[in-house]
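Hi,

Here is the structure I promised to pass on. Have a look at it first, and then read my notes below.

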Amino acid sequence: KKREQLTFRQQELEVLTVNQYDWEDGQTDKQLQLLNEAGQEINLYLRQNQSLLKAYQEKKWSLFAAKPLNFDSKDPQASLEIEGTTYRLEQYQVGDLHLPEVFPAKATEQWWYQSTDGKESLRILSLLGVLQFYRGAELDTGDFEAPLDLNRKPLDDLQYNRRTWDDEELV
């Protein structure tokens, strides 16, 4: 079955994976891994704040590239500076990360930093005690051909599969 297509900046992209974050504050975010016709991956992060939805194009940083930040999850800095841009800690979230075909969900923490002009983000994620760093640029609604709907369920082949069994299979 063909995967879902998304038109972003006048490119047809194939949705490879959809990860869902369910935060304890009731918000739900999604991370999309997309593939363009040239075989390049594009990562989008859809952030929900109440009824507002903002999209960011992200690039994952290696731990080596993020090392100069000296980020400490036990005592996170109120602000960080990268290449002359200051990012302020806007939100700390705790919740569950739902990965395709992985059950149960994984407990996760996230620190959301926003640039002072509001156009860039720095997202630091702790998953099983391992930090991941993502730097993003806010996107405009005009970057998408159709409106994004965070509440829409993924297609059947993108849904999270859960293995179920009968008690008789365990005997």
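**Notes on a serine and some salt bridges**

The side chain of S115 comes to 3.3 Å from the backbone nitrogen of K119. Keep in mind that this is a predicted model. S115 itself sits in strand β8, which covers residues 106–115. With a relative accessibility of 4%, S115 counts as buried. Leaving out residues up to four places away in sequence, S115 touches T85, T86, Y87 and E120.

E120 is partly exposed, at 24% relative accessibility.

R135 also forms a salt bridge with E83, where the closest N and O atoms are 3.3 Å apart. Since E83 lies in the loop between β6 (79–82) and β7 (85–98), that pair links parts 52 residues apart in sequence. R135 is buried at 16% relative accessible area, whereas E83 is exposed at 70%. Through shared partners, the salt bridges join E83, E120 and R135 into one network.

Another salt bridge pairs the side chains of R9 and D143, at 3.3 Å from N to O. R9 is in the loop between β1 (5–8) and β2 (11–23) and D143 in the segment after β10 (130–138), so the two tie together parts 134 residues apart in sequence. R9 is partly exposed at 42%, while D143 is buried at 15%.

Cheers

Conventions: Residues are numbered from 1 along each chain as its sequence is written. This is a predicted model: local features need pLDDT of at least 70, side-chain atom pairs count only at pLDDT 80 or more; totals for chains, interfaces and linings use all residues. Side-chain values use heavy atoms; hydrogens and water are left out. Helices (H or I, at least four residues) and strands (E, at least two) are DSSP runs, numbered from the N terminus. Buried means under 20% relative accessible area, exposed over 50%, partly exposed in between (1.4 Å probe, protein chains only). A polar contact is a pair of N or O atoms within 3.5 Å; within protein, one must be able to donate a hydrogen and the other to accept it, and residues adjacent in sequence count only if both atoms are side-chain atoms. Contact means heavy atoms within 4.5 Å. A salt bridge is a side-chain nitrogen of Lys or Arg within 4 Å of a carboxyl oxygen of Asp or Glu.
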